[in-house]
Protein chains: 2
Amino acid sequence: MHSDRLLLGPGPSNPYPEAMEALSRPVLGHLDPEFLTLVADTAQRLRTVFGTRNRLTLPVSGTGSAGMEACLASLLEPDDLAIVGVNGYFGERLCEVARRLGAQVRAVHAPWGRPLDPEQLLDAQRQAPQARLVAVVHAETSTGVRNQIAPLRELQNTDTLLLVDTVTSLGGIPVEVDAWGVDACYSATQKCLGAPSGIAPVTLSERAVQRIRDRERPVCSFYLDLSLLDAYYQGDPARYHHTASSTLISSVHAGLGRLLAEGLPAVWERHARVGERLQAALPELGFELFAEQGHRLPQLTAARLPDGVVDAAGRKALREDFGIEVGGGLGPLAGTGWRIGLMGHNAQTRPLTTLLAAITS
Amino acid sequence: MHSDRLLLGPGPSNPYPEAMEALSRPVLGHLDPEFLTLVADTAQRLRTVFGTRNRLTLPVSGTGSAGMEACLASLLEPDDLAIVGVNGYFGERLCEVARRLGAQVRAVHAPWGRPLDPEQLLDAQRQAPQARLVAVVHAETSTGVRNQIAPLRELQNTDTLLLVDTVTSLGGIPVEVDAWGVDACYSATQKCLGAPSGIAPVTLSERAVQRIRDRERPVCSFYLDLSLLDAYYQGDPARYHHTASSTLISSVHAGLGRLLAEGLPAVWERHARVGERLQAALPELGFELFAEQGHRLPQLTAARLPDGVVDAAGRKALREDFGIEVGGGLGPLAGTGWRIGLMGHNAQTRPLTTLLAAITS
């Protein structure tokens with residue numbers, strides 16, 4: 001009924017075969033004991049990839065953007081101050097979502113293509129210790145930049161929570177929620193986790209959970225209130241919240257199973273290897289890598305196009321002649337650059353060489 | 001990996017085979033021209049089942065609850081007055097979601113199990129013509145009651161919008177968005193539409209669209225802002241919003257295809273027929289139908305248990321001995337009643353007779 005694409009843009013990527021297969025399993029009701037076991041097992045697998053022992057770890061029924069909003073809406077009240085690192089589109093998105101929730105936002109900028117300076121973020125917090133959270137995107141999908149999270153662990157000595165977007169990093173490069181002192185972390189399933197989109201894994205530290213308990217006003221969103229979701233997934237029928245999709249959760253569970261059977265270090269190594277090869281090859285083809293050296297993500301590469309390659313026409317040719325999708329640029333790269341993902345199941349040699357062959361043919 | 005249930009609770013129901021099959025299609029990116037065609041075709045099928053020509057008709061990436069919140073969040077501003085019909089759990093949910101958004105709520109009640117009086121709702125609006133919307137659940141999933149919507153068409157002569165929840169009605173009984181003067185309508189895919197959960201079909205009239213344009217403050221939710229979703233589904237990369245799931249939308253598209261190939265009148269007739277048979281059989285088995293006669297939904301039946309049947313043990317036996325799921329009661333039926341759905345693919349003779357055989361054996 002529709003085409004079979006090799007998905008090498010910023011996401012979705014092609015899911016692991018195990019994740020596709022799981023989609024065909026019979027649907028389960030949201031109160032079925034087998035569904036509750038599936039959710040508990042999925043949460044346990046998510047804890048492993050998040051690097052956390054957080055009890056509150058669950059699949060939000062929406063995409064990564066729903067995960068972002070679930071965290072911000074649950075942790076911020078109107079007029080709260082949020083400090084947000086901004087060096088790309090998704091940092092800007094964090095600001096926009098927080099502002100819509102009525103929060104005050106103080107942005108700490110770095111140019112697109114360069115990493116945030118963790119010291120500037122910590123300074124901003126020192127100047128405004130009343131800030132309720134610092135929010136940072138780990139892997140900026142718009143630029144291919146990796147931001148450092150570990151130095152922000154210092155926030156654990158303050159009353160300011162650390163919120164980290166791992167939409168494009170989780171399962172592709174190391175994420176260490178507990179070791180880095182991350183209080184709230186969300187991701188998405190259609191990138192390095194190798195499943196379809198539609199689920200946002202979220203994990204909260206105990207002090208983030210306590211922050212929600214201590215709210216003065218209820219979360220303005222019912223659908224994305226993480227305390228309601230937490231209660232719901234305990235399986236008490238009186239805490240009915242929504243009809244979670246066993247179809248999507250089964251798929252995520254299976255994708256995570258495949259990933260963990262391979263082992264996180266091996267998966268990270270696989271992403272690193274093909275990403276390096278891509279980033280070595282592109283300049284030879286006339287592309288100019290956008291992210292600053294030393295801060296590049298292996299799984300997502302943004303690059304300016306060679307002279308003579310027209311953005312839309314080039315992507316159309318890849319799509320129509322080869323069935324390959326790459327992503328257009330955002331911000332300063334709009335119309336002049338591409339974003340190429342080698343994520344999850346596609347972080348392998350064949351997708352890489354297939355793409356390079358198509359570009360050079 | 002898990003059991004194959006016959007899902008005869010309040011939802012999810014077992015999807016149409018065509019909807020299951022579509023889940024296995026290759027994933028498409030959210031900017032792929034084939035994906036945009038899929039979304040446009042799905043919207044067109046949704047217009048047919050909604051009975052509308054509304055341009056803004058789209059799949060929200062979340063469950064029915066996300067559809068409810070998308071409509072309320074997009075149409076209400078803080079301190080706006082909303083009049084809400086309440087005769088069951090989902091009417092109460094409408095109030096809760098609206099209150100969290102900062103709206104004032106005036107509830108118009110009817111007892112659980114009885115229909116709302118449309119004249120009371122219209123009176124409430126006459127007494128408070130500044131009300132921004134009147135919200136009503138068409139098919140109360142908690143009680144099996146069908147509320148009348150057509151008389152509320154009168155609201156078209158006022159500045160008050162009409163918002164209708166068709167989560168359990170759409171595809172099971174007639175829904176006529178345009179003929180009934182409904183300004184905003186949301187549903188869910190896992191009930192009478194015969195697909196998995198995870199998508200909330202939504203449609204807005206032109207005056208509802210205008211209401212969003214005229215807002216003084218942005219919608220507090222970025223994820224559920226229907227004007228952003230509308231722009232996103234036009235396919236302009238600059239209006240990126242979230243990574244919609246081609247997997248789920250393909251499945252909904254296929255389920256709708258099956259439904260429309262059969263034809264809406266035939267599908268409604270099928271739901272009516274098996275529902276009548278169930279409602280004739282249950283009293284003979286000692287069940288007492290909960291919804292008032294003349295206002296019963298065929299697709300969802302709530303009934304008090306016969307003496308001697310213990311709720312949890314009875315449902316467990318159905319599940320473990322027969323692989324059949326029925327739903328527990330909510331509100332006054334909690335612990336003392338069941339909710340039985342014959343919806344979508346399950347609105348057929350075999351699921352009905354299979355259930356009756358299991359109950360009587």
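This is a predicted model: local features need pLDDT of at least 70, side-chain atom pairs count only at pLDDT 80 or more; totals for chains, interfaces and linings use all residues.
Figure 1. In chain A, the surroundings of A:Val134 can be followed residue by residue. Apart from its neighbours within four places in sequence, A:Val134 is in contact with A:Ile83, A:Leu121, A:Gln125, A:Leu152, A:Leu155, A:Thr160 and A:Leu162. The predictor's confidence in chain A averages a pLDDT of 97, and 100% of the residues score at least 70.

**Figure 2. The interface between chain A and chain B**. On each side of this interface there are 52 residues: 52 of chain A are in contact with 52 of chain B. Four helices of chain A, namely α2 (33-50), α3 (64-75), α4 (89-100) and α8 (246-262), each supply at least two residues of the side that touches chain B. The largest share of that side comes from α3(A), with four residues. Sorted by class, the side of chain A that touches chain B contains 22 nonpolar, 21 polar and nine charged residues. For the complex, the predictor reports an ipTM of 0.97 and a pTM of 0.98.

**Figure 3. The axis that relates chain A to chain B**. Within chain A, the C-alpha nearest the axis belongs to A:Gly62 and lies 2.7 Å from it. The same surface serves both copies, as 100% of the contact residues of chain A recur in chain B.

**Figure 4. The two domains of chain A and the contacts between them**. The domain assignment divides chain A into domain 1, made up of 6-11 + 263-360, and domain 2, spanning 18-260. The C-alpha centres of domain 1 and domain 2 of chain A are 26 Å apart. Across the boundary, 24 residues of domain 1 of chain A are in contact with 25 residues of domain 2 of chain A.

**Figure 5. The side of domain 1 of chain A that touches domain 2 of chain A**. Helix α9 (264-284) and strand β12 (300-304) of chain A each supply at least two residues of this side. The largest share, four residues, comes from α9(A). By class, the residues of this side of domain 1 of chain A comprise 13 nonpolar, eight polar and three charged.

Conventions:
Residues are numbered from 1 along each chain as its sequence is written. Chains are lettered from A and ligands numbered from 1 in the order in which they are written. Two residues are in contact if their C-beta atoms, placed from the backbone, lie within 7 Å. Ala, Val, Leu, Ile, Met, Phe, Trp, Tyr, Cys and Pro count as nonpolar, Asp, Glu, Lys and Arg as charged, and the others, Gly among them, as polar. Copies are superposed by least squares on the C-alpha atoms of residues with pLDDT of at least 70 in both. pLDDT is the predictor's confidence in each residue, from 0 to 100. Domain bounds come from an automatic or database domain assignment.
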